[in-house]
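Biologist: Could you take me through one part of this model close up? I'd like to hear about the aromatic rings and the helix packing around them.

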Amino acid sequence: MSSAPVTSTDARWLVGLLQAGDSYYPTGAYAHSFGLEGLVQSGVVRDRTTLREFVFLSVLPNLRQAELPLAAQAYAAFEPTAPDWAKVGELCVLAHALKSAKEARTATENIGRQRAELTSTLHAHPLAQEYLKRAAEAGWPFSSAISAALEGRVLGAPLEAVLVGVMYSSVAGLLAASMKVLRIGQNATQTLLTEALSQAPALIDAASVVPMDEIGWFNPWLDIAAARHETADGRMFIS
C-alpha cells in the first residue's frame with residue numbers, strides 16, 4: 001500500500017478487502033478453529049500464555065513460510081493480462097500437499113472454494129470465472145490463500161494489502177475461536193491480536209521473497225492434535 005493520499009481507486013479495493021475479511025463474509029471460516037480446539041483438548045493450549053506461544057511459535061511462522069508465500073506466488077500467477085495457469089494449478093496442488101491433517105485440507109478446500117465462487121458471483125470478473133472453469137476441468141483443489149490472491153486481483157488491490165488481509169483474517173479468526181474454547185476475554189485476545197499484527201511488516205517482507213520450492217511449514221504437534229480432533233467425542237468447531 002502506498003503512503004500517498006487515498007484515492008477513489010484505493011477506496012474501491014479497500015472496501016472490497018474489508019468485506020472479504022469480515023466474519024459476516026460467508027466463507028465458512030467462522031466454523032473452524034484451525035487446530036486450536038484440538039490443542040486445547042490435549043492440554044497444550046490452556047490459557048493466555050500458552051495461546052500466545054501457539055500464535056508466535058506456530059501461527060505466525062506458518063503464515064511467513066506457507067500461507068503468505070502461497071498467496072504472493074498466486075498473486076503473481078493471476079496477473080490479469082497474462083495469467084500463468086500452469087503455475088496456478090501447481091500452487092493449488094502444493095497448497096493441499098502442505099496440509100498433513102485431513103481436517104486442515106478440508107478446511108482450506110471448503111473456504112477456498114466458497115471464496116472463489118463468491119468472487120465470481122459478486123464481481124462477475126473473467127479472471128475468477130476462468131479460474132473456476134480451469135479448476136473444475138483439471139480437478140485442482142481449492143486453497144484459502146490462493147482464493148484470497150484471486151480476489152485481490154479481481155478487486156485491483158496491491159499485493160501488500162492482499163497479504164495483510166490474509167494475515168489479519170487468519171490471526172483474528174483464530175483468536176475469535178479461542179474465546180469459545182478457553183476462559184479468555186475480548187481484551188486479552190485483542191491485546192494478543194495487536195501484538196501479532198505488529199509483526200506484519202517484517203512477516204510480509206519475509207514471505208514475499210520465499211521461493212516456490214521453499215514454501216512450507218510443519219508442526220507435528222498441531223497435526224497430531226488435528227487428527228485426534230477429527231474423531232473426538234465432542235467438538236465445537238469443524239477443525
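Modeller: Counting aromatic pairs here gives 4. Keep in mind that this is a predicted model. Take the pair made by Tyr131 and Phe142: the ring centres sit 5.9 Å apart and the planes stand at 90 degrees, so with anything over 60 counted as edge-to-face, that's what this pair is. Tyr131 belongs to helix α6, while Phe142 is in the loop between α6 and α7 (144-155), so the pair ties together parts 11 residues apart in sequence. Both Tyr131 and Phe142 are buried. Zoom out a bit and you'll find Tyr131 and Phe142 in one aromatic cluster with Phe78, Trp85 and Trp140.

Two members of that cluster, Trp85 and Tyr131, also turn up where α4 meets α6. On the α4 side you've got Trp85, Val88 and Cys92, and they meet Leu127, Glu130, Tyr131 and Arg134 of α6. Sorted by class, that contact has 5 nonpolar residues, 2 charged ones and no polar ones.

As for how the helices themselves lie, two packed helices are described by the angle and the distance between their axes. Here the axes of α4 (residues 85-97) and α6 (residues 126-138) come within 11 Å and cross at roughly 60 degrees. The two helices are therefore oblique to each other, and the crossing of α4 past α6 is right-handed.

Methods. Residues numbered from 1 in each chain as written. Predicted model: local features only at pLDDT ≥ 70, side-chain atom pairs only at ≥ 80, totals over all residues. Heavy atoms only, no water. Axes fitted to C-alpha atoms, helices over the stretch in contact; angles between N-to-C directions. Helix = DSSP H or I, 4+ residues; strand = E, 2+ residues; numbered from the N terminus. Parallel < 35°, antiparallel > 145°, perpendicular 65-115°, else oblique. Left-handed = near helix turned anticlockwise from the far one by under 90°. Contact = heavy atoms within 4.5 Å. Nonpolar A, V, L, I, M, F, W, Y, C, P; charged D, E, K, R; others polar. Phe/Tyr/Trp six-rings, centres within 6.5 Å; stacked < 30°, edge-to-face > 60°. Buried < 20%, exposed > 50% of the residue type's maximum accessible area, 1.4 Å probe, protein only.
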